[in-house]
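Subject: Structure handover: side-chain contacts

Hello,

Please keep the model open while you read.

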Amino acid sequence: MRITTVETFVLGERQVLVRIGTDEGPVGWGDASLEHRPGAIVAAVRELSGQLLGADPLPVTAHWQRLTRGGFYRGGGVLSSAVAGLDMALWDIRGRFFDAPVHVLLGGPCRDRVRLYTHAWGAPEHTGNPDRARALVRSGYTLV
C-alpha cells in the first residue's frame with residue numbers, strides 16, 4: 001500500500017482537516033487546526049506531503065520522526081499542527097487497515113471515563129456568562 005494523495009480542507013478560521021489517500025483504498029483523516037492560521041497550515045501540509053507521497057503509510061512512528069526531526073529547524077506551532085494532522089490521518093489509515101480502533105493499536109484504553117471542559121461564553125470583554133455557567137454545572141459539567 002502506498003500514499004497517493006494528501007489533501008487539506010479549510011473549514012474556517014479555526015479548522016483544517018487533512019485527508020491522506022492510498023492506492024489500496026483506505027483513507028485517513030486528521031485535524032491540523034491552528035486557530036486563525038489556516039493558510040499557514042495548508043502550506044506546511046503541502047510542504048511536508050512530499051515526504052509522504054509514494055510511501056507506505058503503516059510505519060506511522062517512522063513518518064512522525066522524519067517529519068518532526070528530519071530538518072534543521074524543528075517547528076513551532078504551524079509545523080507541529082501540520083504534523084499532528086498528518087499523524088492522525090496516518091493512524092486512521094493504520095486503524096482501518098488492521099480493522100481496529102487506534103486506541104487498541106496503541107495498547108488499549110487507559111481509563112473508562114474522561115472529565116470534560118466546556119466554555120460559558122460571555123459578551124465581548126467578559127470571561128463568561130454566569131447564567132450559562134450555572135446551567136452547565138446543573139447539567140453535569142465540573143470544568144467550566
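A residue counts as buried under 20% relative accessible area, as exposed over 50%, and as partly exposed in between, using a 1.4 Å probe and protein chains only. By that rule D92 is buried, at 18% relative accessibility.

This is a predicted model: local features need pLDDT of at least 70, side-chain atom pairs count only at pLDDT 80 or more, and totals for chains, interfaces and linings use all residues. Residues are numbered from 1 along each chain as its sequence is written, and side-chain values use heavy atoms, with hydrogens and water left out.

Salt bridges

A salt bridge here is a side-chain nitrogen of Lys or Arg within 4 Å of a carboxyl oxygen of Asp or Glu.

R96 is partly exposed at 48%. Helices (H or I, at least four residues) and strands (E, at least two) are DSSP runs, numbered from the N terminus.

R19 and E7 form a salt bridge at 2.9 Å, N to O. R19 belongs to strand β2 (residues 16–22) and E7 to strand β1, so this contact ties together parts twelve residues apart in sequence. R19 is partly exposed, with a relative accessible area of 23%, and E7 is partly exposed at 32%.

R14 bridges to E35, with the closest N and O atoms 3.2 Å apart. This pair links distant parts of the chain, 21 residues apart: R14 is in the loop between β1 and β2, and E35 is in the loop between β3 and α1 (38–49). E35 is partly exposed at 45%.

Aromatic pairs

Rings of Phe, Tyr and Trp (its six-membered ring) pair if their centres lie within 6.5 Å; planes under 30 degrees apart are stacked, over 60 edge-to-face, and the rest tilted. There are two aromatic pairs by this rule. F9 and W29 have ring centres 5.4 Å apart and planes at 40 degrees, so they are tilted. F9 is in strand β1 (residues 3–10) and W29 in strand β3 (residues 27–31), so the pair ties together parts 20 residues apart in sequence. F9 is partly exposed at 31%, as is W29 at 37%.

The rings of F97 and F98 have centres 4.9 Å apart and planes at 90 degrees, so this pair is edge-to-face. F97 is partly exposed at 39%, and F98 at 43%.

Regards
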